[in-house]
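Me: I would like a close look at one part of this model, followed by how that part sits in the rest. Please give the cut-offs as you go.

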Amino acid sequence: MPSLLAIDVLLIAACLWLTIGLAGLTVLRNTFIIARILFPLGALIGLWVGYTGFAALGGGVQVAKLAIGLPTLPFHLRLDNLTAVFVMLLGVFSAGISTYAAGYFRQGEGTAPGVLGLEYHLFLASMLMVLLADDAYAFMVAWEVMALSSFFLVTTNHKHEEVRRAGYIYLLVAHIGAISILLSFGVMTGGAGDYTFAGMRAQHLSPFWGSIAFLLALFGFGAKAGLLPVHVWLPEAHPAAPSPVSALMSGVMLKTAIYGLLRVSLDLVGMTLWWWGVVALGVGLVTALFGVLYATVQSDMKRLLAYSSIENIGLLVVGIGLTLLFHSYQMEALAALALTAVLYHCLAHAGFKSLLFLCTGSVLHATSHRSLGKLGGLIGPMPWVAWLALAGVIAGAGLPPLSGFVSEWLLLQAFLFSPGLPQSWLNMIVPAAAAAVALTAALAGFALVKFYGIIFLGQMREPSLKDAHDACPLEKLGLAWLAALTLLLGVLPGTFIQKLDAATHQLLGKGLGERVAEQGWWLLAPISPERASYAPVLFLLTIAVILLFGRWLVRTLYHGRVRRSPAWDCGYHFQGPRAQDSAEGFSQPIRRIFEPMFRMQRHFPSIHDEKPMCIVKVEDHFWYWLYLPIARLANAISALIVRVQGGRIAVYLMYTFVTLILLLLVARP
Amino acid sequence: MTFSTSGLLGQLFAILLALVLAPLLTGWVNQCRAWLQNRSAPPLLLPYHMLHKLFHKDVVLAHGASSLFRAAPFIVFGCMVLAAAIIPSLSTDLPFAPAADALALVGAFGLARIFIALAAMDVGTSFGTLGGRREMLIGFLAEPALLMTIFTMAMIAQSTSLATIAETVAHRELVIYPSIAFAGLAFTMVSFAENARVPVDNPATHLELTMIHEAMILEYSGRHLALIEWAASLKLYTYSCLGLALFFPWGIAERDNFMAMITALPILLVKLAIGGALAALLETINAKMRIFRAPEFLGTAFLLAVLGLLVRLLLEARV
């Protein structure tokens, strides 16, 4: 076999995904074939894509041209190291999600499984094309296909009113973002009319237009990623979508937006101004804090995870801001540290967030409840899901020795070495921003403990939960794959950072790879071991040894006797499941401490109530401060237009006539 | 990075010393507190007897307790042993020290906290979830303050490695730097909160509405409770050693040399004794706060730590 270029392999993979999707149409309602054959095949192709991306890291740049597209502008494709990182992410994590989806999707109301399969694989293929695109036209086509296919996936259960509403909001925000991206590309061509990315790199924009392009890109990609204030679609779309789709959107699709932002700001614009970094840093911090605060007060498990995704996107943008800041002052080593943190967090978040979303899918199937107030104690009937979800929770809370901690650690290290920036006031603000990052990480722990404790631990809040069943084998396989990746990313950071080195080298000319390689594989020391080091293997081993050895020692020296009895609880035995904290109860301290951050409606019972009830409703300020005024404005403007647009043919004919006359007057030869 | 035999022996010695000394430190603080409060003091070795007794007793498990509940004490204990292993208590040249710098140390404490809070929610009693919720509340307030304290010290030493920080501070001339003073104050406040002590929590109480740590471990008994109590002692010990390493590292051994460690031991013991007595004094002169005053208390600690950082950057950056 002649050796195929990696980019050809990826194109074949994209075609195969499309073929699988189309094959699903021939067996529209045959759930067995679609779930047991097509989805696993899609997962295998995902693995292949992931491997290809992994192998392409550190290789040279490959380009290809497809003879489709506009007459003068065929699709340009390009595979470089930055693309390869995200291709790897897409392939490896979508493999786990597809495996899970094979066990998850079943006959039900809503979209037929065959159509669902087509949308799903089209979604995967379009994300791959977004990453490979090397001209604005191909990029926008792939971007739109991605938005539309995911819109149809979100609205799978389109018979429910709120699902349709969520889909509508998603589509609206996606398109506002897409317009902004399009404009950004337009600015970057600099009027030369060359829409290839190579043409944009060749342009020398003035700082003013460069800033315009950057801000448009930040807004456009931010709308896809969930940056404030265009985050509103996330908490609506994720609960509406089927869980594998939520996992794919949160774990993988949001990362394409991060990819786009990196591509524009570090590659295409061709300049970096210091205040871009500050803007990104500020927006990212506000997003992260906002996301995590709202995550802690949610009562719907998928909504909680959606807000947590907003938080993680915020952290990623903080990292990008830091990268830009260092890059603008030519402090490339530190920029490389921050960029490595960003790329690593992309991988880590893709792993643990998909894992958690898929776990909510299993819980939903087993119990048909999405509200935390009706769950509890599921570690008993669903031990697999519960223990695998624990890996996601630890990683998501940014705790060692799993993946989330590595990126957080790298980010904090980057913050720590910021006092070297030439501007003294920046020197002071940037470390203070680290305080906000620390607070975010700690609050994420609170939110995820609530998520895990209320779903899986405690007493069952509904009697029907006793009949809950664990995930099916394919689902378990998908979950275990993602949990294993989370563990690997946590324990072997040095190995992965050496691979990511190629991408940071490409964008910044520097990387952490050499320094990391100087130490053993087990020790992560990005600058030098005297400055900072972390050895997750030792960390994990110590805890594991103490767990096993300690258990053995205690049993040998003393005994291992166990008696079962009712819970003690200070001697009061008559406690039902209602005596535990509800989801609202658990987050009560947060609501109280951060009261002004939430828009709250509360109703407390009085002693005269027939049916005493306590109601707390927490809403997003942004709906009332930003979106409702905009909606009212749009309504007012359309009311004005209605006057012109009366609906009578005669009036319209007159408009046409007047326009013609005017044109004839104006446009004389 | 190589592992020498003497280095490994020194490491083992540091871990064993922590395991042995930790209950003693708890006993000493309790004794001092009793004296200051005009009570007759419990014996100094009471915590050891307590551990021995608990290990002998049967474990009584609630019906609803899951495997996570049974694993949590070991994991929490493991985290604390790890923390004790990496903090430079006797020597700054420990083979395990590169395993985790100051940030990873905070992570280890965080991991222990998450497991104990989850275990508290596992049985599904009202006090358990109450304790878990309050612990996470204290945790998310205290953790950033602790990180900021460490950041200040890391800026001074240009390193987050605890060993390097301790060596840098030990080699500076003996002048009070405002940044270190702020950081030290913040660290003291955080360590009181983290170790479930007055004014945030009261280790001696079982009064339902005020307890935090005790509420979480209500359902534990036998060896599980022994491990958790031991882990709590270890936490107090590691926090004390961390404070000493960050702010008063004088007298610590800097080579992996057994004799140097032996000479460092009496100095450490004296420092711990003084520190424990001071902690008891502070606990005695303070009153336990309402739970919703705790955010103000820890918020103050956080602001002090950030202030320390800013003072460092503003006034001392060229020093």
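At what angle do helix α3 (residues 81–104) of chain A and helix α13 (residues 332–367) of chain A pack, and how far apart are their axes?

Reply: This is a predicted model, in which local features need pLDDT of at least 70 and side-chain atom pairs count only at pLDDT 80 or more, while totals for chains, interfaces and linings use all residues. Residues are numbered from 1 along each chain as its sequence is written, and chains are lettered from A and ligands numbered from 1 in the order in which they are written.

The angle between α3(A) and α13(A) is about 5 degrees, and their axes are 10 Å apart. Axes here are lines fitted to C-alpha atoms, for helices over the stretch in contact, with angles running from 0 to 180 degrees between N-to-C directions. Helices are DSSP runs of H or I with at least four residues, strands are runs of E with at least two, and both are numbered from the N terminus. α3(A) is therefore roughly parallel to α13(A), a term for angles under 35 degrees.

On the α3(A) side, the contact is made by Val85(A), Leu89(A), Phe93(A), Gly96(A), Ile97(A), Tyr100(A) and Tyr104(A). α13(A) contributes Leu343(A), Cys346(A), Leu347(A), Ala350(A), Gly351(A), Ser354(A), Leu358(A) and Gly361(A). Two residues are in contact if their C-beta atoms, placed from the backbone, lie within 7 Å. By class, this contact has 11 nonpolar residues, four polar and no charged; Ala, Val, Leu, Ile, Met, Phe, Trp, Tyr, Cys and Pro count as nonpolar, Asp, Glu, Lys and Arg as charged, and the others, Gly among them, as polar.

Of the contacts in chain A with a separation of 6 or more, 78% join residues 24 or more positions apart.

Buried residues make up 55% of chain A, buried meaning that 20 or more other C-beta atoms, placed from the backbone, lie within 10 Å of a residue's own. Five bridges join β4(A) to strand β5 (residues 615–619) of chain A in the antiparallel sense, and Arg602(A) has Val616(A) as its bridge partner in β5(A). Strands pair if DSSP finds at least two bridges between them.

Conventions
Buried ≥ 20, exposed ≤ 12 C-beta atoms within 10 Å, placed from the backbone. Parallel < 35°, antiparallel > 145°, perpendicular 65-115°, else oblique.
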